[in-house]
Amino acid sequence: MDANKVKSVLLTDFNDKVLENLLGNISINALEDRCNVDNLDFYAQEGNDTNPGWINGSGERCTQFQRLIAADIICKPEDAVAAANTCYDVLCPGGLGVIICGNSNHRYGVDIFEKECIRAGLNVEVKDSRDIFDGRLLCSKSLGMTSG
């Protein structure tokens with residue numbers, strides 16, 4: 001998708017400090033006309049058709065999106081359930097979500113995420129990133145660990 005055709009981007013997290021940092025990065029890059037932030041807590045989402053849309057940190061029901069990009073969102077099995085519900089609530093019918101997760105050797109709950117997405121009513125296609133990029137890693141082996 002051509003970045004110039006994107007009308008708006010909403011960046012979310014549940015952590016206020018992360019939201020502050022996102023706002024700072026938006027400002028530094030002069031993207032205020034296209035980017036905004038909002039609080040989104042996976043555990044506040046319902047994952048059903050009764051009330052379409054997702055609930056922000058102020059308890060307001062928000063409109064759904066055509067696209068969803070998320071990464072490293074599952075750390076425990078309960079996160080897989082809540083993340084699946086969130087994907088369902090955030091995406092409009094026919095929308096497309098791309099969720100990037102570590103494998104279950106490194107992240108608890110990832111192994112049940114596909115099943116939880118199907119339970120929530122989402123169509124799922126699972127791909128290994130090594131297959132997408134012909135087995136090539138996207139980062140230099142000289143990079144240090146980023147956690148722990």
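I looked at helix α3 (residues 110–119) first: E116 and R119 both lie in it, three residues apart, about one turn of the helix. Helices here are DSSP runs of H or I, at least four residues, numbered from the N terminus. The model is predicted, so local features need pLDDT of at least 70 and side-chain atom pairs count only at pLDDT 80 or more, while totals for chains, interfaces and linings use all residues. Residues are numbered from 1 along each chain as its sequence is written, and side-chain values use heavy atoms, with hydrogens and water left out.

Salt bridges. I took a side-chain nitrogen of Lys or Arg within 4 Å of a carboxyl oxygen of Asp or Glu as the rule, and the count came to five. E116 pairs with R119, the closest N and O atoms being 2.5 Å apart. E116 also pairs with K115, at 4.0 Å.

Accessibility. I called a residue buried under 20% relative accessible area, exposed over 50%, and partly exposed in between (1.4 Å probe, protein chains only). E116 is buried at 9%, K115 is exposed at 52%, and R119 is partly exposed at 45%. Shared partners join K115, E116 and R119 into one salt-bridge network.

I then checked E125, which forms a salt bridge with K127 (3.5 Å, N to O). Both E125 and K127 are exposed.

Cysteines. I searched the whole structure for disulfides and found zero, a disulfide being a pair of cysteine sulfur atoms within 2.5 Å. For C75, the nearest cysteine sulfur is that of C101, 9.5 Å away. C75 is partly exposed at 43% relative accessibility, and C62 is buried at 17%.

Technical notes. Helices (H or I, at least four residues) and strands (E, at least two) are DSSP runs, numbered from the N terminus.
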